[in-house]
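Subject: Structure handover

Hello,

Here is the structure I said I would pass on. Please look it over; my notes follow below.

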Amino acid sequence: QLQFVEAGGGLMQPGGSLRLSCTASGSTLENFAIGWFRHTPRADNEPIACISDNGDEPYYDDSVAGRFTISVDNNKNTVYLQMNTLQPEDTGVYYCAAPEPPLNSCNVTIATIFPTWGQGTQVTVSS
């Protein structure tokens, strides 16, 4: 079973940057579409970004497009989320997840309601 450990969060001033990491165990990331999700007081399970290896462009929520970049390092079995120009609205707990068995479709990943989550990583943007 695929499991993820998220890391890299912290406290940052508006306009700053953070890079989150999501390291997988239990499987390689081949054929998985891995999504980053954000939980905030306003919304649970908010899909932020997703990446697959099916040749499609990555998915980004409108609120982060142009500021966040998702990438994958298959050698490290890790997915990253580079977060630039952070805003207070980006505050939340960030998780990564992917449906199993792998469907390699971000359209499926961002629509999936995951019953459980990993530990997540807290991002706080405040002056």
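Four strands make up an open sheet in the order 1-3-8-7, with antiparallel pairing. From one strand to the next the twist averages 20°. Strands here are DSSP runs (E, at least two residues), numbered from the N terminus, and two of them pair if DSSP finds at least two bridges between them.

This is a predicted model, in which local features need pLDDT of at least 70 and side-chain atom pairs count only at pLDDT 80 or more, while totals for chains, interfaces and linings use all residues. Residues are numbered from 1 along each chain as its sequence is written, and side-chain values use heavy atoms, with hydrogens and water left out.

Strand 8 (residues 78-83) pairs with strand 3 (residues 18-25) in the antiparallel sense over six bridges. Within that pairing, L20 has L81 as its bridge partner, and C22 has V79. Strand 7 also pairs with strand 8 in the antiparallel sense, over six bridges, and here D73 is partnered by T78. Four residues lie between the strands of this hairpin, where N77 takes a positive phi near 55°. Five of the six residues of strand 8 are buried (under 20% relative accessible area, 1.4 Å probe, protein chains only; exposed is over 50%, partly exposed in between).

G10 belongs to strand 2 (residues 10-12). G10 counts as partly exposed because its relative accessibility is 23%. The C-alpha atoms of G10 and Q122 are separated by 6.1 Å, although the two are 112 residues apart along the chain.

Regards

Note on methods: Axes fitted to C-alpha atoms, helices over the stretch in contact; angles between N-to-C directions.
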